[in-house]
Structures are given as C-alpha cells and as structure tokens.
Amino acid sequence: MRRVTRQRLALLAVTALLLLAALWAWQRQQQTRAAEHLLPIAPASITRIGVQLPGMARLDFFRRDGHWWRAGATPTPAGHAQLNALAGIAAAPVARWLPAAEVRPARLGLAPPLALLWLDGTRLAFGALTPLAPERYVQLPDGRGALISARYSPYLGTGDPQARAHAGTP
C-alpha cells in the first residue's frame, strides 16, 4: 500500500471516529434535556387535564379538535390559554430532583397539597414555595420530588382561578 493511501485511510478513520463521538455527545445532550423536564410528555400531546384545589371539587377538561372542553353531562368550551399553560407544566424545567426518600410531605407543603393536577392521568401534587427562591415543590406519582419555577403554577393555590398563586410570578 502506498503512503498516500495509508494517510487517506487514517484520515478517513479519524473522521469517522470524530463523527461517532459527535453523535454520541448529541444523544447524551438530548437525554439530559429530556431528564430535565418534569414529565416525559409533550404539552401539545396532552388531551386530558384534571385540577383540584383544597375545598373544591375536581374539574376535568379534555381536548378535542384542538379546543379545550370542560367535562360533564354537557361539555362546555373552556379557557384555551389557561389549559395550555397547565399542559405546559409537563415541560417545566426541573431545578433539582429530590429522591423519594428525601420527600417529607409535611415539610414541603404537600400534606395536604396546595393543588393537584392530572396531566393525561399522571398526578402531580403541588406544595409550598422554597424559602429563598420562587420555586415550588412538586411530587410525582413515583414519590420523587422536583423543584420547578413558581411561574409554572400561576393559577394554582387560590380559590380564584384568575388570580396568581405567588406575588413573584411573572
């Protein structure tokens, strides 16, 4: 084999290794980004939402043909913007994960929770705000806890669905 051919083969091998390394790094980055979201559900794919605040009956909604409806004997149109905001909670970035063993519901405002939210059947319990940052504790069905920005809970925590739950919420 000639020297030029060996150099070209070596260059081709190095290029292939660099491409494989770049592909591996990209896949790891995508996996990390997916793990940073509260739920592995895309907000646009959510079709059912349930909301329950303390002392109030659970409200159920469903999406049909791109529009939100309140479930009941006679479905009625529902607030599109508010329900899309609630669906967007699924993609909320998680500031910190808490293992199930570290979640103490009474200390985190989760016993009883400030609000319950069901996104396509996945139950989320919303607790108190952290003392030093506008972040809220959320407990997932597997017992893990997550800290998400309080801006993802503007309609939770008051009897008035139009009111904001926290003064620091944008």
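Visitor: Two strands count as paired if DSSP finds at least two bridges between them. Which residue takes a positive phi in the hairpin of E8 and E9?

Guide: In that hairpin, with five residues between the strands, glycine 143 has a positive phi near 95 degrees. Strands here are DSSP runs of E with at least two residues, helices are runs of H or I with at least four, and both are numbered from the N terminus. This is a predicted model, in which local features need pLDDT of at least 70 and side-chain atom pairs count only at pLDDT 80 or more, while totals for chains, interfaces and linings use all residues. Residues are numbered from 1 along each chain as its sequence is written, and side-chain values use heavy atoms, with hydrogens and water left out.

Visitor: How many bridges do E8 and E9 have, and in which sense do they pair?

Guide: Strand E8, residues 135–139, pairs with E9 in the antiparallel sense over five bridges, and glutamate 135 stands opposite serine 149 in E9. E5 also runs antiparallel to E9, joined by four bridges, and there tryptophan 97 has alanine 146 of E9 as its bridge partner.

Visitor: How many residues of E9 are buried?

Guide: Four of the five residues in E9 (145–149) are buried, which leaves the strand mostly covered. Buried means under 20% relative accessible area, exposed means over 50%, and partly exposed lies in between, with a 1.4 Å probe and protein chains only.

Visitor: Switching to helices, which residues of H2 are buried?

Guide: In H2, which spans residues 80–88, Leu83, Leu86, Ala87 and Gly88 are buried. The buried residues of this helix pack against strand E1 (48–52), E2, E3 and E6, where contact means heavy atoms within 4.5 Å.

Visitor: Is aspartate 120 exposed, partly exposed or buried?

Guide: Aspartate 120 counts as partly exposed, at 23% relative accessibility. Aspartate 120 also has a positive phi, near 50 degrees, in a residue other than glycine, and lies in the loop between E6 and strand E7 (122–129).
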